[in-house]
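Morning, everyone. Let's look at one model together.

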Amino acid sequence: MKIEYKFCDGLIELMKKTPLDQINVVMLSNHIGSNRQTFYYHFRDIGDVIDSILYQDKKIYLTKIFDFEQIIKPIVAYTNSNYQFLRAITLSFASDRLLSFYSAYFYKQINIYLRQNKFDKEIGQISTRHICRYLSTIFAKEMFNWVSEKQDESQKILVQRLRVIWNYFIKQYYSDLRGTR
């Protein structure tokens, strides 16, 4: 196993017993039987390990997206299967990294959908980027809030709310940009 993965797995194990804010490089290195020089050879800080963990699951990204469900289902499934880890991140110094992860995910997937459906040809690349940026920011914040306060809302309600936002931007806002109604 590559040492980077050992640090990632070790951090996940430590987070089950210790809050992320209390984990340091020495503790993590000792936990996996390495030293801190090795850690710093591969990572800048614990936040980099968090990023590595978040971005290593490539199967949530699709290359062809035909509808809203194909964007939302993989990220909700990922969130559900990694809930304890993600929840611990929301309660730590690394919460902004989770928000960035969600934002990057949605930006990439929405951009694929819009390009695939020729939105960029009809309304221009700048408007398409604005839609991607705006929707990905909204969706990322909604997902982040859902993780941090999951017990207050069901997954079904979250998906319904995101679908309403999606429908507005993909139908109403898009037609406004095209000048049609």
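A term before the picture: a crossing is left-handed if the near helix is turned anticlockwise from the far one by less than a right angle, and right-handed if clockwise. Helices here are DSSP runs (H or I, at least four residues), numbered from the N terminus, while strands are E runs of at least two.

This is a predicted model, where local features need pLDDT of at least 70, side-chain atom pairs count only at pLDDT 80 or more, and totals for chains, interfaces and linings use all residues. Residues are numbered from 1 along each chain as its sequence is written, and side-chain values use heavy atoms, with hydrogens and water left out.

The protein has ten helices and zero strands. Now take helix 4, residues 46–55, and helix 6, residues 83–90. Helix 4 passes helix 6 in a left-handed crossing.

Who meets whom? Contact means heavy atoms within 4.5 Å. From helix 4 come Ile50, Ile53 and Leu54; from helix 6, Phe85, Leu86 and Ile89.

Next, burial. Buried means under 20% relative accessible area, exposed over 50%, partly exposed in between (1.4 Å probe, protein chains only). In helix 6, the buried residues are Tyr83, Phe85, Leu86, Ile89 and Thr90. They sit on the same side of helix 6, because they cover an arc of only 165° around the axis, taken from the directions from the helix axis to the C-beta atoms. Their packing partners include helix 1 (3–17) and helix 7 (95–116).

Across the protein, buried residues make up 45% of the 181 residues.

Methods:
Axes are lines fitted to C-alpha atoms, for helices over the stretch in contact, and angles run from 0 to 180 degrees between N-to-C directions.
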